[in-house]
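Hello,

Here is the structure I promised to pass on to you. Have a look at it first, and then read on for what turned up in it.

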Amino acid sequence: MIKTIGVLTSGGDAPGMNAAIRAVVRTGCANGLRVMGINRGYQGLIDGEIKELTPRSVSDTLQRGGTFLQSARCMAFKEEAGVARAIEVARVFGIDAIVVIGGDGSFRGARDLSRMGMTTVGIPGTIDNDIDCTEYTIGYDTAMNTAMEAIDKIRDTISSHQRCSIVEVMGRGAGHIALSLSIANGAEAVIVPEKNYSVDEDIIKPIFACRNRGKNHYIIILAEGVGKAEEIKAEIHQKTGIEARISVLGYIQRGGSPTARDRIEASRMGAHAVEILMQETGSRIVVLKNGVVTDIPIEEALNMKKSISESDLALTKILST
Ligand code: ADP
Ligand code: F6P
């Protein structure tokens, strides 16, 4: 019977992770469970950086960005010996099950914990929104809104100078943030790592077409996984005569107070993770499906690969005309 659960955050932090931890703690305690906070992700688990959390110890965390449990990228956990050691340490603290809040890398760690006998539930937390099994990952909405506001500001200055702005946004190897921002900010073009592109076809031609229709500023959103910002900038200048500037939004997208959506979904997902454990099941990932929080087996989740939305790519092209 599960009496004590551990909770950790792993991989890149995301706004709303605190709301998820808080929901795990308060739902767990409301159901008579003991909840242990594991600091610094899998690394803290191996190192025994574990202390009890109470409903009061998670006060004043809901509105804060980052993760108060801190996060880490732990190479030792990719080895069987690291996972075995982590389970031994967890048992010393009386932990019967672990809730892992993170992205797909973290879920691979959760799967390995499950395979070696530790009951585990994953909650999707990453700004990248690159996990196929769920319509939503915690942190995405805040990151999107932060980036959208920043790009609105960039638009003010580039329109004053009739310039082109190449805005590089986060997402690692995925272009979901970039593509959604291209719609939210009305970009003239978007380049994502999932799609081959040609600078002439996908950037230069749209710029000429927009200029001929009377536009005097151009926003190109570039997913960081593509790279090539400097080369694209040089080609734009050389082929159109338009001055281009590069803005790398970077970590600003990962920080800040979570939006209402992130707080609410994170709270629902955190509570659902505990409900799964109350039923004595594990090896599951909490997901949002058709707008409802539910769960699927972890192995199934890891076999799914998210593709880029063709309809959103087409929409960006139409709306930029
Ligand atoms: P995310 O969970 O956001 O995808 P990362 O992939 O950057 O973030 O980090 C995931 C972390 O999960 C790794 O640093 C590592 O500590 C842990 N991990 C454990 N097992 C694995 C695994 N088999 N593959 C990848 N990451 C793993
Ligand atoms: O996965 C979240 C993310 O912010 C990615 O968008 C980005 O590529 C990566 O993490 C950056 O990681 P790090 O914190 O190691 O620089």
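Which helix gives the most residues to the shell around ligand 1? That is helix α4, which spans residues 104-115 and contributes six residues to this shell. Before going further, please keep in mind that this is a predicted model.

**Ligand 1**

There are 16 residues around ligand 1, and those that come nearest are R73, C74, G103, G105 and S106. Sorted by class, the shell is made up of six charged, seven polar and three nonpolar residues.

At C74, a backbone N or O atom is 2.7 Å from an oxygen atom of the ligand. D104 makes its contact through the side chain, where an N or O atom lies 3.1 Å from an oxygen atom of ligand 1. At G109, a polar backbone atom is 3.5 Å from a nitrogen atom of ligand 1. On its own, ligand 1 would expose 540 Å², and the protein buries 87% of that area. As for its location, ligand 1 sits in the largest pocket.

**Ligand 2**

Now for the other ligand. The residues around ligand 2 include R73, T126, I127, D128, M170, G171 and R172, and also E224, Y251 and R254.

- E224 has a polar side-chain atom 2.4 Å from an oxygen atom of ligand 2.
- R73 places a polar side-chain atom 2.5 Å from an oxygen atom of ligand 2.
- R172 uses a backbone N or O atom, which is 3.4 Å from an oxygen atom of ligand 2.

Taken alone, ligand 2 exposes 400 Å², of which the protein buries 78%. The space that ligand 2 takes up is the largest pocket.

Why does ligand 2 lie between domain 1 and domain 2? Both domain 1 (4-139 + 258-302) and domain 2 (143-254) give residues to the shell around ligand 2, so the ligand lies between them.

Best wishes

Methods
Residues numbered from 1 in each chain as written. Chains lettered and ligands numbered in written order. Predicted model: local features only at pLDDT ≥ 70, side-chain atom pairs only at ≥ 80, totals over all residues. Heavy atoms only, no water. Near = heavy atom within 4 Å. Polar contact = N/O pair within 3.5 Å; in protein donor to acceptor, adjacent residues only side chain to side chain. Areas by Shrake-Rupley, 256 points an atom, 1.4 Å probe, with all protein chains shown as cover. 1 Å grid on protein atoms, 1.4 Å probe; cavity = no way out; pocket = protein on both sides within 12 Å on 5 of 7 lines; lining within 4 Å. Sits in = over half its atoms within 2 Å of the grid points. Helix = DSSP H or I, 4+ residues; strand = E, 2+ residues; numbered from the N terminus. Nonpolar A, V, L, I, M, F, W, Y, C, P; charged D, E, K, R; others polar. Domains from an automatic or database assignment.
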